[in-house]
Amino acid sequence: QVQLVESGGGLVQTGGSLRVSCAASGRTLTNYALGWFRQAPGKEREFAAAINWSGSSTRYADSVKGRFTISRDNAKNTVYLQMNSLKPEDTAVYYCAVDLSGGSNFIRPAWGQGTQVTVSS
């Protein structure tokens, strides 16, 4: 069984930067795709970014492309999301996810508990 714990959330001003982290325990994640999702108040959880098992391929939602960067450190069993040029609409709880199916569809991922990111206007 895998446990995912996010950290690094907080309050930042518009245009600022923040890096959130997700550390895994209970299972090594080197063979699995990892992703970041976010959920704003009153909205559905949405995809933000994903990275394949090796880190050779990434994909992003259009809303964050060019501003966010996902990366992973398999030696630390950790995935990161570097968020730059933050906007108030980026305010959300950010969740990391692992696709244990071996694919990258994140249909039934294992979720972390989330970390709050708030961007002040």
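Residues are numbered from 1 along each chain as its sequence is written. Because the model is predicted, local features need pLDDT of at least 70 and side-chain atom pairs count only at pLDDT 80 or more, whereas totals for chains, interfaces and linings use all residues; side-chain values use heavy atoms, without hydrogens and water.

Strands of a sheet pair through backbone hydrogen bonds, either parallel or antiparallel. Here, 4 strands form an open sheet in the order S1-S3-S8-S7, with antiparallel pairing. Strands (E, at least two residues) are DSSP runs numbered from the N terminus, and two of them pair if DSSP finds at least two bridges between them. Strand S1 (3-7) and strand S7 (68-73) stand at the edges with a single partner strand each, so one side of each is left without a neighbour in the sheet. On average, neighbouring strands of this sheet are turned by 15° against each other, direction ignored; the axes are lines fitted to C-alpha atoms, and angles run from 0 to 180 degrees between N-to-C directions. Strand S3 (residues 18-25) and strand S8 (residues 78-83) run antiparallel and are joined by 6 bridges. Cys-22 has Val-79 as its bridge partner in S8.

In soluble globular proteins, nonpolar side chains tend to be buried together. A nonpolar core is a set of buried Ala, Val, Leu, Ile, Met, Phe, Trp, Tyr and Cys residues joined through side-chain atoms within 4.5 Å, where buried means under 20% relative accessible area, exposed over 50% and partly exposed in between (1.4 Å probe, protein chains only). The largest nonpolar core holds 30 residues, of which Trp-36, Leu-81 and Met-83 touch the most other members. At least two residues of this core come from each of S3, S4, S5, S7, S8, S9 and strand S11 (115-120). Leaving aside neighbours within four places in sequence, Met-83 is in contact (heavy atoms within 4.5 Å) with residues including Leu-18, Val-20, Phe-68 and Val-117. Another core, of 5 residues, lies apart from the largest one, and among its members are Ala-33, Phe-37, Ala-50 and Phe-106.

The structure also holds 4 aromatic pairs. Rings of Phe, Tyr and Trp (its six-membered ring) pair if their centres lie within 6.5 Å; planes under 30 degrees apart count as stacked, over 60 as edge-to-face and the rest as tilted. The pair of Phe-37 and Phe-47 is edge-to-face because the ring centres are 5.6 Å apart and the planes stand at 75°. Phe-37 lies in strand S4 (residues 33-39) and Phe-47 in strand S5 (residues 46-51), 10 residues apart. Phe-37 counts as buried at 9% relative accessibility, whereas Phe-47, at 21%, counts as partly exposed. Phe-37 and Phe-106 are likewise edge-to-face, with centres 5.7 Å apart and planes at 65°. Phe-106 lies in the loop between strand S9 (92-99) and strand S10 (110-111), so this pair ties together parts that are 69 residues apart in sequence. Together with Tyr-95 and Trp-111, the residues Phe-37, Phe-47 and Phe-106 form one aromatic cluster.

Most residues other than glycine have a negative phi, and most peptide bonds are trans. Asn-77 has a positive phi, near 55°, and is found in the loop between S7 and S8.
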